[in-house]
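Let's take a walk through a protein together. Have a look at the sequence and the fold first, and then we'll go step by step.

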Amino acid sequence: MIDQNDRTTAMWCHLSSLVWIASLTVGLPIPFGSVLIPLIIWSSNRDKPFVDAHGKESLNFHISLILYSIVIIGVMIVLAIAGFALFATQPESAASAFFAVGGSLLLLIALLIGIGLAIFDFIATIIAAVRASNGEVYRYPFAIRLLK
């Protein structure tokens, strides 16, 4: 049986990753707060197997989200720049107009994907925190297992 203190600490390994939401609402964003704060909680309690498992899981998930975001934003920016560059060099062609409009649409898609990732992050983190509080093991979907 897992004691209440370990379950509470494991729950905070997950919930502390949502600090980025609170920090944005007050206008003081904490860079990589979704990883740094769970890392502090996990590293000070990794001698407890239940907390260790949940801490690693939280860190793996949030590092994965950061990596996914970087890749998605990078691809969108490259495609948008390519579209705008084509439009700047050949403004009369139909292809350049298509890419210029497409570049704007790609930026909009990147924004929507970012919002979707934020919602997914929030929901998955709440589920993980509830499971940890109940003494259950939880595996985040789509997490790259960097810490084993």
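We'll begin with the nonpolar cores and then turn to the salt bridges.

Keep in mind that this is a predicted model. In soluble globular proteins, nonpolar side chains tend to be buried together. Here, the largest nonpolar core has eight residues: Phe61, Leu65, Leu117, Ala124, Ala128, Tyr138, Tyr140 and Ala143. To see one member up close, find Leu65: beyond its neighbours within four places in sequence, Leu65 is in contact with Leu117, Phe120 and Asp121. There is also a second, separate core of six residues, including Val35, Ile41, Trp42 and Leu59.

Now for the charged side chains. How many salt bridges are there? The count comes to five. One of them joins Asp6 and Lys48, whose closest N and O atoms are 3.8 Å apart. This pair links distant parts of the chain, with Asp6 in helix H1 (residues 4–15) and Lys48 in the loop between helix H3 (33–45) and H4, 42 residues apart. Asp6 is buried, at 15% relative accessible area, while Lys48 is partly exposed, at 22%.

Finally, look at Glu57, which pairs with Arg145 at 2.8 Å between the closest N and O atoms. Glu57 lies in helix H4 and Arg145 in the segment after H5, 88 residues apart. Glu57 is buried, at 4%, whereas Arg145 is partly exposed, at 25%. Through shared partners, salt bridges join Glu57, Arg139 and Arg145 into one network.

Terms used:
Residues are numbered from 1 along each chain as its sequence is written. This is a predicted model: local features need pLDDT of at least 70, side-chain atom pairs count only at pLDDT 80 or more; totals for chains, interfaces and linings use all residues. Side-chain values use heavy atoms; hydrogens and water are left out. A nonpolar core is a set of buried Ala, Val, Leu, Ile, Met, Phe, Trp, Tyr and Cys residues joined through side-chain atoms within 4.5 Å. Buried means under 20% relative accessible area, exposed over 50%, partly exposed in between (1.4 Å probe, protein chains only). Contact means heavy atoms within 4.5 Å. A salt bridge is a side-chain nitrogen of Lys or Arg within 4 Å of a carboxyl oxygen of Asp or Glu. Helices (H or I, at least four residues) and strands (E, at least two) are DSSP runs, numbered from the N terminus.
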